[in-house]
Amino acid sequence: MTGRAGDGNLYCTAFVRRNRAVADWEGSPVSVPYLTGMLVGLRALTLADAAQAGAWARGPLAMNATRAEAFLKDAHTDPWNPRRRYLAMVRVEDGEIVGGAAVAGAHARTGQLDVWAAPWLDPAERDRLCADAVRIAVPWLRDENELMTVTLAVPADAAETIRAAEDLGMVHGATLREHVARPGGRVDLLEYQALNPGWTIPAEEEASGA
Amino acid sequence: MRNPLVVGSRVYLRALETNDAETDAAQANAETETFMYRGRAPASPLAFARWIEEDGKHPMPSEIHLAVCLRDGDRYIGAVSLHHVDYLNRTAETGSGLADGFRNQGFGTEAKMLLLEYAFDRLHLHAIHSHVFEHNTRSAAALRKQGYRYAGRRKWDDVKGGVYRDGLLFDLLREEWLAAREAWRATLPADVRGKGLGRDREPTP
């Protein structure tokens with residue numbers, strides 16, 4: 001298959017323009033205009049963020065500032081080829097850290113995107129923020145970094161995030177049953193992939209993979 | 001048996017020891033198959049020793065690698081693993097590998113059943129998944145035999161034979177594993193069925 005990469009970049013640019021007026025945090029040296037959405041932006045983490053690890057660290061376990069500093073130093077040893085790139089998810093309106101993201105495999109052929117919102121937010125708000133982060137991160141990885149595939153796992157009850165993934169043309173490839181624990185029950189984990197149309201796949205291989 | 005963790009009729013699982021590194025390297029260097037991964041590479045015991053040493057440092061590890069040993073003679077013949085163990089959502093990914101010369105004799109299935117017993121009944125995981133490349137039809141067939149259900153496809157996952165290949169995902173719930181274990185037990189000779197894994201027993205606390 002053949003195609004043209006770049007539509008996602010236009011999508012990102014549109015978001016940047018719309019938010020320029022309210023994005024105070026854009027003046028910060030770590031802000032990233034090309035990763036700014038309607039609700040949130042993604043940016044690199046710094047040692048100053050250690051005190052807010054409860055927002056950007058994945059999961060419900062507590063992380064104090066000392067441990068967060070150690071984690072941040074360990075996660076930032078190679079600016080050119082990080083094993084895993086951790087990002088802060090920042091609310092555009094006020095610059096507060098409201099979640100995080102991680103990318104494994106950036107600058108390689110395939111990438112795994114993971115986004116999450118701070119545990120103190122209500123589930124619907126977390127879903128909205130994650131959806132916005134997906135809208136800006138997937139085009140960045142697929143179209144600018146030219147990853148061949150971007151993989152994203154989404155709980156089946158995250159309706160906004162699923163909608164964002166599908167709006168971006170991501171393909172639902174797999175369902176892992178009952179893989180996410182929720183209060184009082186469990187939900188499936190859906191795996192979506194953005195397949196880069198800029199890559200050319202020989203026709204016979206496409207047929208064998210169908 | 002040496003430091004057993006889960007015991008079956010012919011094999012048992014134990015923690016990996018640093019002095020297993022020599023065997024690990026020897027097994028890797030003697031590998032005859034190339035279909036499982038991108039390709040083979042010379043292995044040093046130094047890397048395995050370091051890996052095992054690091055592996056043992058974590059009290060709640062996200063990666064659990066267990067040695068598969070023969071009950072008869074304690075020979076270390078391969079390893080089974082839980083990857084990405086998630087203690088909050090209670091999930092993990094399984095993996096396994098036996099040394100050349102010990103495949104297709106039922107040791108792998110028994111080791112995998114012991115690993116799943118460890119995962120479901122000792123770690124109390126709720127759901128398991130596994131990933132194989134689509135060209136690895138042998139492992140996909142083994143997973144189905146162990147009760148795993150096909151969960152979907154990961155496109156363009158790796159390269160094999162000069163073309164991009166998909167990965168296949170499988171998942172497994174405890175009830176499905178129990179049913180598969182019963183079906184597997186029924187295929188065993190009666191004298192084997194009564195030993196180790198064949199015994200009906202309460203989950204270990």
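This is a predicted model: local features need pLDDT of at least 70, side-chain atom pairs count only at pLDDT 80 or more; totals for chains, interfaces and linings use all residues.
Chain A and chain B touch through 28 residues from chain A and 28 residues from chain B. Together the two chains bury about 2,400 Å². Carbon and sulfur atoms account for 50% of that area. Three salt bridges are counted between chain A and chain B. Polar contacts between the two chains number 13 residue pairs. On chain A, the elements β5 (149-155), β6 (171-182), β7 (185-195) and α6 (203-209) each supply at least two residues to the side that touches chain B. Strand β6(A) gives the most, with nine residues. By type, the residues on this side of chain A divide into eleven nonpolar, ten polar and seven charged.

One salt bridge across the contact joins B:D171 to A:R177, at 2.7 Å from N to O. These two residues belong to a network of salt bridges that also links B:R149 and B:E176. Within chain B, B:E176 forms a salt bridge with B:R149, and their closest N and O atoms are 3.7 Å apart. B:E176 lies in helix α5 (residues 174-186) of chain B, and B:R149 lies in strand β7 (residues 149-160), so the pair ties together parts that are 27 residues apart in sequence. B:E176 counts as buried because its relative accessibility is 12%, under the 20% limit. B:R149, at 43%, counts as partly exposed.

Over all chains, the salt bridges come to 27. Among them is the pair A:D157 and A:R182, with side chains meeting at 2.8 Å, N to O. A:D157 sits in the loop between β5 and α5 (159-167) of chain A, while A:R182 sits in strand β6, so this bridge ties together parts 25 residues apart in sequence. A:D157 is partly exposed, at 40% relative accessibility. A:R182 is also partly exposed, with a relative accessible area of 33%.

Another salt bridge in chain A pairs A:E160 with A:R163, at 2.9 Å from N to O. Both residues lie in helix α5 of chain A, three residues apart, which is about one turn of the helix. A:E160 is partly exposed at 26% relative accessibility. A:R163 is partly exposed at 44%.

A further side-chain pair involves strand β1 (residues 40-44) of chain A, where A:R43 is placed. The side chain of A:R43 makes a polar contact with the side chain of A:D49, at 2.9 Å. With a relative accessible area of 9%, A:R43 is buried.

Key. Residues are numbered from 1 along each chain as its sequence is written. Chains are lettered from A and ligands numbered from 1 in the order in which they are written. Side-chain values use heavy atoms; hydrogens and water are left out. Helices (H or I, at least four residues) and strands (E, at least two) are DSSP runs, numbered from the N terminus. Buried means under 20% relative accessible area, exposed over 50%, partly exposed in between (1.4 Å probe, protein chains only). A polar contact is a pair of N or O atoms within 3.5 Å; within protein, one must be able to donate a hydrogen and the other to accept it, and residues adjacent in sequence count only if both atoms are side-chain atoms. Contact means heavy atoms within 4.5 Å. Buried area is the accessible area (1.4 Å probe) that two parts lose on being put together, summed over both. A salt bridge is a side-chain nitrogen of Lys or Arg within 4 Å of a carboxyl oxygen of Asp or Glu. Ala, Val, Leu, Ile, Met, Phe, Trp, Tyr, Cys and Pro count as nonpolar, Asp, Glu, Lys and Arg as charged, and the others, Gly among them, as polar.
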